[in-house]
Each structure stands twice: as C-alpha cells, then as structure tokens.
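Welcome, and thanks for opening the viewer. Keep your selection tool handy, and we will go from stop to stop together.

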Amino acid sequence: MQTLLEGSVENLLASWHPGLGRFPFSSRRVGTTLSHDYTHPASVRYTVNSLLGLAAAARNPALGVTEGRVQVMLARFLACTSDRLLMPSDHGLLAILDRELSSEPALLSDRMRSIGALLRDPAGLNMQDLAWLLWGAVAAYQAGVGAGADRAREALELILTGRVDPGTGLPRHAGDRYRRNVVSFGSLVYFLRAMHEASVALGDERAHRLFEQGVARAISFQGPQGEWPWMIDCRQGRPFDRYPVFAVHQDSMAMLFLHPALDQGLAGVAPAVSRSLAWDFGANELGVTMFTERPFFAFRSIERTERLPRARRYLRSVPGSLGRVSEPQAAASIRVNDECRSYHLGWILFAWSSRPFRDVESTPPGPVRLIA
C-alpha cells in the first residue's frame with residue numbers, strides 16, 4: 001500500500017500541467033516515458049478528484065506533499081476553468097476539497113448556492129451527480145456552513161424519491177427507460193458513501209438502513225477472485241456484466257464504503273477489503289499486478305478482447321440477457337487495458353493516506369506476473 005501511495009503522489013506531481021491547471025485525462029507509457037492527454041473534457045473532473053487525493057495526502061508527512069502546494073494547484077485550476085466546464089457533480093466534489101483544505105466559509109457558501117441551483121432542476125442529474133452533491137453539502141455542513149444541512153436534506157430526498165429500487169434498496173443510475181434498472185458499480189459506490197455521510201451528519205435512519213443493506217448486497221456481488229462487477233441490475237439485485245474489472249474499484253473506490261463499514265463493525269467487510277486488494281496485486285484472472293513501480297503507473301482494467309464492445313454491452317443489458325455473463329472469463333478472452341487515469345490515483349490517496357494498513361488482512365496472491 002505504501003508503494004501505491006508514494007507512486008500516486010509521484011505520478012500526479014509529475015503529470016501536473018501548470019499552464020492548463022490540469023491533470024491528464026489519460027496517460028500511456030511510450031518506452032520509458034509517459035504520454036499524457038489533457039484535451040478530453042473529463043480532465044476537468046479528474047483534476048478535482050486528483051486534487052482531493054493530494055489534499056488527503058498532505059495530512060500524511062511521509063508522502064512529501066504539502067497543503068500549501070495543493071492550494072496553489074487548486075487556485076491555478078480555478079483560474080483556468082470556467083464554470084461551464086464543470087459537470088454538476090463537480091460542485092459537490094469541490095465542496096469536499098474545500099473542507100479538506102480548510103477553505104474560507106464564504107467559498108463553501110458559494111458552493112452551496114451552486115448546489116442549491118442544481119437541486120432545484122434535478123431532471124438531468126444522475127445518481128453520481130446526486131450522491132456527490134449530497135456528500136459535498138454534508139462536507140460544507142461539517143465545516144460550519146449552515147446551508148449545507150439544507151442542501152444535504154434536499155439531495156437526500158431527491159435520491160430517496162424514485163431513485164432507489166424499493167425491492168432491493170439499490171440505486172437507479174438514471175430515470176430514463178434504458179438505464180432505469182441498471183446501475184454501475186461506480187454509482188453504487190458513490191450512493192453508499194452518500195448514505196453513510198447523510199446517516200452520520202443528519203442522523204437519518206433511512207440513509208443508515210440503506211447503507212448497511214447496500215454494503216451487504218455489494219459484498220455479495222464480489223466475484224470469486226475479489227473482483228467487483230461493472231454493471232448491476234438494481235431491480236433483480238445481481239450483476240449482469242463483470243467486465244471491465246477496473247483497478248480503481250479494487251484498490252480505492254470500493255474503500256469509500258468498505259472503510260466506514262469496517263469502522264462500524266459490519267459483517268464480512270475485512271475479508272472483502274483484502275480480497276479486493278489482492279486482485280490488484282496479482283490474484284486476478286491474468287495473474288498480473290495492476291501497476292508498475294518505476295516510473296509508477298497504475299493500469300486501468302482487465303477487459304474483454306471483443307469487437308464492438310459498446311454494442312455488445314447494450315445487448316447484455318436488455319431484458320432477458322441479465323445475469324448471463326456474471327462469471328469471470330478465460331484468460332485467452334481478456335487483456336489488460338494499459339492506460340492510466342489520473343482520478344484513479346486521486347482515489348488511492350483519498351482512501352488510504354490516513355488509513356492504517358493493519359486494517360488489511362494478509363492475503364498472499366500466489367504466483368504474480370509483473371507487466372514489463
């Protein structure tokens with residue numbers, strides 16, 4: 001874990017583009033150097049995520065990054081980024097970042113006005129948007145901004161009114177017909193973290209129940225090698241597409257709900273954490289570690305080797321197909337996606353910078369193949 005933390009800081013600081021005030025959307029290895037793409041619009045969101053991770057790393061003196069440096073980077077990002085480039089959920093993540101950096105209450109109050117405007121017109125907001133807005137509002141409330149509590153309650157009610165399947169308690173990613181009964185693991189992660197935050201900060205029993213039930217369901221989705229599925233049928237409460245298996249889910253995003261669940265003493269959590277990490281360190285279908293150390297580089301996923309992946313993904317999601325492809329694939333039909341996304345490193349730092357590694361049970365991965 002220390003290798004992941006130190007390497008994530010190293011990679012992010014080296015890939016920061018001060019002229020653009022951004023981290024890259026995607027990076028690839030070209031020989032012994034790294035090639036970065038800063039042009040994709042998602043690099044804006046990834047930058048907020050990466051700065052959040054570095055802010056968390058600044059609380060760990062061993063990682064060699066200071067809060068002052070992160071504040072300078074945030075100021076440069078905001079100077080280079082107009083509001084029209086921000087996605088709705090970015091406002092929630094920025095509020096969490098402001099709390100991490102102990103920003104002025106006036107700045108968090110401005111964030112709450114932006115979040116309030118978004119919540120007044122929620123038709124286009126998906127579950128990730130609502131979960132991040134709720135989490136950000138709670139962060140403002142915990143930082144002493146009274147409006148944060150009101151915005152958090154508004155976001156919570158929007159989630160609980162028609163955005164959760166009444167039978168399974170799982171979130172719906174969106175209200176449209178195509179996605180109504182489908183949720184990605186990522187949206188499930190953010191929903192569970194938002195329910196935890198609302199439970200703790202607002203004392204909401206509904207959120208508490210959804211968190212505990214959702215953690216138990218999520219753990220039941222974990223595959224035989226510790227892998228988290230990508231797509232889930234929220235009506236039937238089961239995965240229907242396990243691929244790609246994203247390394248960011250394994251080593252960091254799952255921890256956004258597993259760590260608070262571990263702190264609450266919920267059943268089955270510690271083994272789920274260890275199996276999730278073991279997949280990342282080589283106990284996966286290909287027997288490979290999902291990172292290199294020099295230079296540090298975290299691979300994105302293990303994915304199918306198939307033509308027309310988007311079309312095939314759609315076919316797997318239509319009624320009658322759900323649940324048919326929930327098992328791991330043979331090694332000959334999958335491969336490593338060898339790109340790196342900066343937000344992955346940000347979540348590693350956020351999840352683990354202040355977390356004692358003794359929480360992780362020792363799970364030897366067996367024979368491991370390093371990717372050259």
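Let's begin with a cysteine. Select Cys-340: with a relative accessibility of 2%, this residue counts as buried, since the cut-off for buried is under 20%. Keep in mind as you look around that the model is predicted.

Now jump to Cys-234. Its relative accessibility is 0%, so Cys-234 counts as buried too. How many disulfides does the count come to? The answer is zero.

**The helix at 342–352**

Next, select residues 342–352, which form helix α14. This helix is mostly covered, with 11 of its 11 residues buried. Colour them one by one if you like: among the buried residues are Tyr-343, His-344, Trp-347, Phe-350 and Ala-351.

**Its partner at 2–15**

Turn the view to look at the crossing, where α1 passes α14 in a left-handed way.

Which residues meet here? Show side chains on the α1 side for Leu-4, Leu-5, Ser-8, Val-9, Asn-11 and Leu-12. On the α14 side, show Ser-342, Leu-345, Gly-346, Ile-348, Leu-349 and Trp-352. Sorted by class, the contact of α1 with α14 has eight nonpolar residues, four polar ones and no charged ones. The α14 residues in this contact, Trp-352 and Gly-346 among them, are also on the list of buried residues.

**Two cis prolines**

Move on to Pro-244, in the loop between β5 (238–241) and β6 (245–246). Display the backbone and find the peptide bond from Tyr-243 to Pro-244: it is cis, with omega near -5°.

Then select Pro-295, which sits in the loop between β7 (291–293) and β8 (296–298). The peptide bond leading from Arg-294 to Pro-295 is cis as well, and its omega is near -10°.

**Last stop: a serine in a loop**

Finally, pick Ser-102, in the loop between α4 (88–100) and α5 (105–119). Check its backbone: phi is near 55°, a positive value in a residue other than glycine.

Methods:
Residues are numbered from 1 along each chain as its sequence is written. This is a predicted model: local features need pLDDT of at least 70, side-chain atom pairs count only at pLDDT 80 or more; totals for chains, interfaces and linings use all residues. Side-chain values use heavy atoms; hydrogens and water are left out. Axes are lines fitted to C-alpha atoms, for helices over the stretch in contact, and angles run from 0 to 180 degrees between N-to-C directions. Helices (H or I, at least four residues) and strands (E, at least two) are DSSP runs, numbered from the N terminus. A crossing is left-handed if the near helix is turned anticlockwise from the far one by less than a right angle, and right-handed if clockwise. Contact means heavy atoms within 4.5 Å. Ala, Val, Leu, Ile, Met, Phe, Trp, Tyr, Cys and Pro count as nonpolar, Asp, Glu, Lys and Arg as charged, and the others, Gly among them, as polar. A disulfide is a pair of cysteine sulfur atoms within 2.5 Å. Buried means under 20% relative accessible area, exposed over 50%, partly exposed in between (1.4 Å probe, protein chains only).
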